[in-house]
Structure formats: structure tokens, C-alpha cells
Amino acid sequence: MNISSSKPTLSSPIAGCMRWGKWGANFSTDDYIQLIAACLNESITSFDHADIYGAYTTEAEFGKALAAMHGVRSQIQLITKCGICMPAANRPNYVSKTYNTSSEHIIQSVENSLRNFKTDYIDVLLIHRPSPLLHPEEVASAITQLISQGKILQFGVSNFLPGQTDMLLKCVHISFNQIEISVLNMEAFTNGQLDHCILHNIKPMAWAPLGGGLLSDDTHPRFRAITTIASKLAKQYNTGLNEILIAWLLAHPAGIMPVVGTTKLERLLQARNASTINLSSDDWFELFSASLGEEIP
């Protein structure tokens, strides 16, 4: 394994790959290669996966493309998640959807992901959901072993609340928490998740940072208020609506990293260009209030 001893630096945005395969665009190998190459050409180098994506097929499809791109593995960062077990054709032993955060399952999941990606290390491994049966020492045992073996470089969680994260922090270092954050889902701003990230130097990754497509649905109760303000700000800053919505996240002091789940390079470039926009505090709270549907208390 020829990797730097330093921790990987992730790009912002992170390209979310959930819909690249059977759960979305159903990319061919050439499609994967073209979009990976296009991302790299634009300095978008981090790719977010989970073992379950595409019903346990997308990792391997991405890995097949990666194997055909000589020398590219060292230029990118692979993020993947494990812990959800769901019935699928290639998982006949799973009879219902469950969570499994046992040491054995985490280690086996990583071994599967390594084979799928045709690599010998994962840059970031996340526990996908906080299982009610999660035992922190079990998780820590697996993560400590995998890091010592160089099979994962950094560890984090996904969708964890502060108390759940604290339980794990007693046993293992956590570098990331991937949570839903957008102008349509603002719970992380008020439920302590982002405060907790700042307190413990955990980097938050935002999944569905553009509202998971809901901002294109004019029947949404807050659609009109949000898009009216966002469009006004887009004109003010001479940019697009999506750029404003990502810039709104980037303005938070926790250092939110958007995971943009798209099959379109244009959307990723919009998120990248948002880093050049510095919203004022007044602008930020105007969008915040629009999402609340009322003036802030």
C-alpha cells in the first residue's frame, strides 16, 4: 500500500454516488469512468458510497471503473458506510432490514468493500446508522484493528445524535458525522449536532444539502418563501440558486462539507463554486427565517 501517513484531505463538495448505479442512472462502466474523470479534472476528488447502494452493487461497479483508470486511486478519497443490513439478491441471508454494528460485521463489511473497490484501503469508513444495539467497545475493537492494518484511514459516523456520538467517543476517535442538513432540514442547527461537531472537532458532512430534490416541488409548504429569498440573493451575488443554498451551509462555523448526490457534473460544480460566496449574517438569517416560516424568536 503506497499512501501518505497523513490523514486524507477531502474535497468540497464530495460526490455522492448513491444514484450512479441501479438506484438511479444505472451507469455503464464507461459512464462511471467519464464522470470520475470529469470530477478529477475539476478537483472534486472525494466519492461517497455505502455498501448497500444499488442493493450491494454500486461499490463494485465503481471499483471496476477505477481499476480501468490507471493511477487514479492515489488521486481520490473513497468514503463508504456500513451497518445497515437489507434483503437483496446477493444477500440471501438477510430476511428483513436490520442494523449490525458488531465487530465481526464491520470487519467483514470493510473486507467486502476493499474487494469491491479493488483497493487495499478505504479513506473514510462511517457507521451508517446508530443501532439501538450498538456496543461502543465492539465498534472500537473493529475500528482499531482496521486502522492498525491500514485498511481504513479515518473513522466516522452517520446520522448520529450528540449522545450517541459521545458514547462512541469514549472508546474511539471520530473524525466525521454525516447528517442531513439543508435549508429544508435544519434540525442539526438546533438539536446540538453541529454544536457537538465544533466542540469535538468532528467534521460534519451534509447529505441531501439541496433538500433531496424537494426544492423543485412547488407544493412544498416552504417552497415559495425559500425560493423567493434564495432567488433574490442569487441575483444579488450574481450566481445561481443552488450556489446560494450551498453557500448558506458553508457559512456555518462547523465547516460543513456538502455531499452532493447527483449524476450531473454541473450540480457538483455549482456546489464547488459556492465556496466563493460569502453570505452576510443578514442574508443567512433571511433564508433561515424563510425556512422556519416565521421570524426567528
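Trainee: Which residue in β6 is the bridge partner of Cys82?

Mentor: This is a predicted model, in which local features need pLDDT of at least 70 and side-chain atom pairs count only at pLDDT 80 or more, while totals for chains, interfaces and linings use all residues. Residues are numbered from 1 along each chain as its sequence is written, and side-chain values use heavy atoms, with hydrogens and water left out. Strands are DSSP runs of E with at least two residues, helices runs of H or I with at least four, both numbered from the N terminus, and two strands pair if DSSP finds at least two bridges between them. β3 and β6 pair in the parallel sense over 4 bridges, and in β6 the bridge partner of Cys82 is Ile127.

Trainee: By what angle are neighbouring strands of this sheet turned against each other on average?

Mentor: The sheet is a barrel closed by 8 strands with parallel pairing, in the order β1-β2-β3-β6-β7-β8-β9-β10. With direction ignored, neighbouring strands are turned against each other on average by 25°.

Trainee: What angle does the direction of α4 make with that of β6?

Mentor: Helix α4 covers residues 103-117 and reaches 21 Å from its first C-alpha to its last. α4 packs on the sheet, where it touches β3, β6 and β7 (contact means heavy atoms within 4.5 Å). Taken between N-to-C directions of lines fitted to C-alpha atoms, for helices over the stretch in contact, on a scale from 0 to 180 degrees, the angle between α4 and β6 is about 140°.

Trainee: Is α10 roughly parallel or roughly perpendicular to α12?

Mentor: In the contact, Ile244, Leu245 and Trp248 of α10 meet Trp284, Leu287 and Phe288 of α12. Helix α10 (residues 241-250) and helix α12 (residues 281-292) pack with their axes 10 Å apart, at an angle of about 105°. Angles under 35 degrees count as roughly parallel, over 145 as roughly antiparallel, 65 to 115 as roughly perpendicular and the rest as oblique, so α10 is, relative to α12, roughly perpendicular.

Trainee: What is the relative accessible area of His49?

Mentor: His49 lies in the loop between β2 (46-48) and α2 (53-56). Leaving aside neighbours within four places in sequence, His49 is in contact with residues including Cys17, Phe62, Thr80 and Phe117, and Phe117 is itself one of the buried residues of α4. Buried means under 20% relative accessible area, exposed over 50% and partly exposed in between, with a 1.4 Å probe and protein chains only. His49 is buried, because its relative accessible area is 0%.

Conventions: The expected span of a helix is 1.5 Å times one less than its number of residues.
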